[in-house]
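Colleague: Please take one part of this model and go through it closely, saying where it sits, what it touches and how it relates to the rest.

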Amino acid sequence: MEKVRVAVAGRIATITLANPPVNALGAELRGGLLSALNEAADDRKVRVIVIAADGRTWPAGADIREFGKPPVAPLLPELCDAIAACPKPVIAAMHGTALGGGLELALAAHVRVAEAGTQIGLPEVTLGILPGAGGTQRLPRLVGAGQALGMMLSGLPIGAARAAELGLVDVVADGSAQPAAVQLAAAFVAREAKLPSAADRTDHRADPAAWLNAVAEARAGLGTARRLPAPPRIIDCVEAALLLPEGEGFAFERAAFEDLVASPEAAAMRHAFLAERRAARQPDLVGVAPRAVSHVGVVGGGLMGSGITTALLSAGFSVTMVERDTAALSAGLARVATSHERAVASGRLSEEAREAEWARVGGTTEMAALAQADLVIEAVTEDEAVKAAVFAELDQIARQGAILATNTSYLDVDRIAAATTRPDDVIGLHFFSPAHVMKLVEVVVGDRTAPDVTATAFALAKRMGKIAVRAGVCDGFIGNRILTAYRTATDFLLEDGASPYDIDRAMVAWGFPKGPYQVLDMAGLDISWARRKRLAATRDPARRYVAIGDRLCEAGRFGQKSGRGYYLYDEGARTGREDPDVLAMIAAEREARGIVARPVHAAEVQRRVLAAMANEGARILGEGIAQRPSDIDLVMMLGYGFPRWRGGPMQAADTAGLLTLRDDLRDYAREEAVFWQPAPLWDDLIKNGRKFADMNED
Ligand code: 3HC
């Protein structure tokens, strides 16, 4: 199919872009558009040129898949320059999502028309780059430096009406953008004058003090974004748009774009973007229709159950919450009401929408109320016997064809399924807390889970606005298994000589929002203690075991909730203080094991943690628990605070170099052979000159 079509009617040429699904501005589309533009510019009959797009959207950006490959002419900046310099007025007729390079194309045009529902933005910062086709130069000239910086630093889109208020859009069309643009073009046909392009606007540049103030404010407000390469460069470019002569401003932007696009941070963020879309691809489910779901039962109204209920309600499902007694039920429903209240107070939910959601939730202490549910999600306490009892009861009650899901975060889904007479209908849906906020769901597919049950889980997650990652059955699935490896590596270092505070600082410096011991204190040390006790009987005796966490729990230190864990907490405080008693307990434990403390530097902590996580990831891949390395990366980025700009442990391992990490693992394995044993996948990849990324089929 032709990617660019031209139709001339009277004195108006309409160029239509057709590159589904999102009209990404790949090389072929750029080439086609430039030829069509030149042709229309040379056609003496044509007075005005309209550019419109077929399908669901105006171009949503440059083609992300081209980044990191040799550039193919014409480049997007050249195309935008050609539009801006066109001797005939060019009108952009936008609909859908006018994002990134797509918006830059429209910014180069002389007039912008947008359909009422159009979302307009420059999300490049979320990909670790900046608008590289004139966006940093043209947008501030049109809307002012402050507004432009707000859009470019947040990456968030604005609606057409707001864009019109700001002067970014000239006309908001009542109906479709293209006929409105053609109508407008007819008015220009009569005029001879060349229209100014965005770069010719002088109104905002006439107030340099306001411009420079906006730049200074943006610099001062960067916060943690300061450590990323793109945000400061965006600000520099906006400053250059005022201070440099026009041509130089564009060249300054281009140089910054080229630096950024080649950076490891941008590669990681691109990887994250593509990983989010790849996770939904399930080759074995092609053509498998999901089951219909409208009424969902949630068993358990604790933190997880109420979060899941809130998330289901906002996705339009009817929900029945079941708790064992009325006190627990009211507490569960109260938690849902509180999240609703917060959403209304912050403007995320209207009063009417809240009423509508509340009308779809019911609560009961009778499991029998779930007889007609299409799906039941169990979110009771993390104890296999308790969960099995719930499933046995559900088996008696639920209608034939209903899906029975467990929200377990570690337990064996096959064993839970065996408590029913219908294991084909059982699946794991591991939501993350708070479930109405966190985007990740691990879909745990058991040995007997029916394909249409898995397909339903993916459809459900999509409808809830979440990203589903498929996992197989094992202790902890993908995320918690890697978390355990992370903690094992840091516990070894703790016993070897590091303090928990050194380790936390090292990991925060590496990019995690919190260190592992801060997170343990928040979650409650008793939870992992109970798990260690559960697994004690099956633990490999040859494996090094660090008992410092157990000692803390034995001393009643359960973390924030008990006022002391690895840190000390003042009444009501969420940030803890370092505690010499903990250091003394660690020293005593070292002494008991005959370990002489050695200095451990931050770089060693970071290196060992990455090796441990990637090695566990390689094992998970080898066992078929995850389908692809990018799924592992997604779980860690979306569920465990792994910095997006490092792209997840498998991407970070590729960046660090597989040979280096495998050699590190071999060295560490000389100290402890079980945990640090390199997974066989390292050698397979290295031997064949491959990386983890090469296993992500596209
Ligand atoms: N380049 C290449 N492919 C893209 C793309 C892009 N810019 N945007 C989307 N796609 C692909 C997706 O990978 C997906 O492919 P798949 O079907 O093979 O998995 C397909 O298009 C559909 O995308 P979504 O599943 O995301 O569809 P949605 O309807 O949920 O969302 C969207 C549509 C809001 C446009 C969303 O895709 C999006 O946010 N895209 C990225 C927008 C963006 O970041 N643009 C800036 C690019 S950088 C740039 O322009 C640099 C310039 O300044 C030089």
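Modeller: Asp-54 has a relative accessible area of 31% and is therefore partly exposed, a class that runs between buried (under 20%) and exposed (over 50%), computed with a 1.4 Å probe and protein chains only. The model is a predicted one, in which local features need pLDDT of at least 70 and side-chain atom pairs count only at pLDDT 80 or more, whereas totals for chains, interfaces and linings use all residues. Residues are numbered from 1 along each chain as its sequence is written, and side-chain values use heavy atoms, with hydrogens and water left out.

Asp-54 belongs to the loop between strand 3 and helix 2, where helices (H or I, at least four residues) and strands (E, at least two) are DSSP runs numbered from the N terminus. Its side chain makes a polar contact with that of Arg-5, at 2.9 Å; such a contact is a pair of N or O atoms within 3.5 Å, and within protein one atom must be able to donate a hydrogen and the other to accept it, with residues adjacent in sequence counted only if both atoms are side-chain atoms. Leaving out residues up to four places away in sequence, Asp-54 touches Arg-5, Thr-16, Leu-17, Ala-18, Asn-23 and His-95, contact here meaning heavy atoms within 4.5 Å. Ala-275, by comparison, is 221 residues from Asp-54 in sequence and 27 Å from it in space, C-alpha to C-alpha.

One of those partners, Asn-23, lies in the loop between strand 2 and helix 1. Asn-23 is not a glycine, yet its phi is positive, about 55°, and with a relative accessibility of 1% this residue counts as buried. Asn-19 is placed in the loop between strand 2 (12-17) and helix 1 (27-42) and, at 13% relative accessibility, counts as buried. A polar atom of the Asn-19 side chain lies 2.7 Å from the backbone oxygen of Ala-24. Apart from neighbours within four places in sequence, the contacts of Asn-19 are Lys-3, Ala-24, Gly-26 and Leu-29.

The loop that holds Asp-54, between strand 3 (48-53) and helix 2 (76-85), also contains Pro-74. Ala-73 and Pro-74 are joined by a cis peptide bond, with omega about -5°. A cis peptide bond with omega about -5° also joins Ser-433 and Pro-434, and Pro-434 is in the loop between strand 15 (426-431) and strand 16 (440-444). Phe-477, which is not a glycine either, has a positive phi of about 55°; it is found in the loop between strand 17 (467-471) and helix 18 (479-496) and counts as buried at 0% relative accessibility.

Turning to the ligand, 27 residues surround it, the closest being Arg-56, Gly-101, Glu-104, Glu-124 and Arg-277; a residue is included if one of its heavy atoms lies within 4 Å of the molecule. Strand 5 (97-99), helix 3 (101-108) and helix 11 (264-278) each supply at least two residues of this shell. By class, the shell has 15 nonpolar, five polar and seven charged residues, with Ala, Val, Leu, Ile, Met, Phe, Trp, Tyr, Cys and Pro counted as nonpolar, Asp, Glu, Lys and Arg as charged, and the others, Gly among them, as polar. A side-chain N or O atom of Arg-56 is 2.6 Å from an oxygen atom of the ligand, and a side-chain N or O atom of Glu-124 is likewise 2.6 Å from a ligand oxygen. From the backbone, an N or O atom of Ala-60 lies 2.8 Å from a ligand nitrogen. The ligand on its own has 990 Å² of accessible area, of which the protein covers 75%; such areas come from the Shrake-Rupley method with a 1.4 Å probe, and for residues only the protein chains shown count as cover.

As for the whole, the protein chain has 28 helices and 19 strands. Its radius of gyration is 28 Å, close to the 26 Å that the globule rule gives for 698 residues, so the chain is as compact as a globular protein of that length; the radius is taken over C-alpha atoms, and the rule is 2.2 Å times the number of residues to the power 0.38. Of the 698 residues, 54% count as buried. Among contacts between residues at least 6 apart in sequence, 72% join residues at least 24 apart.
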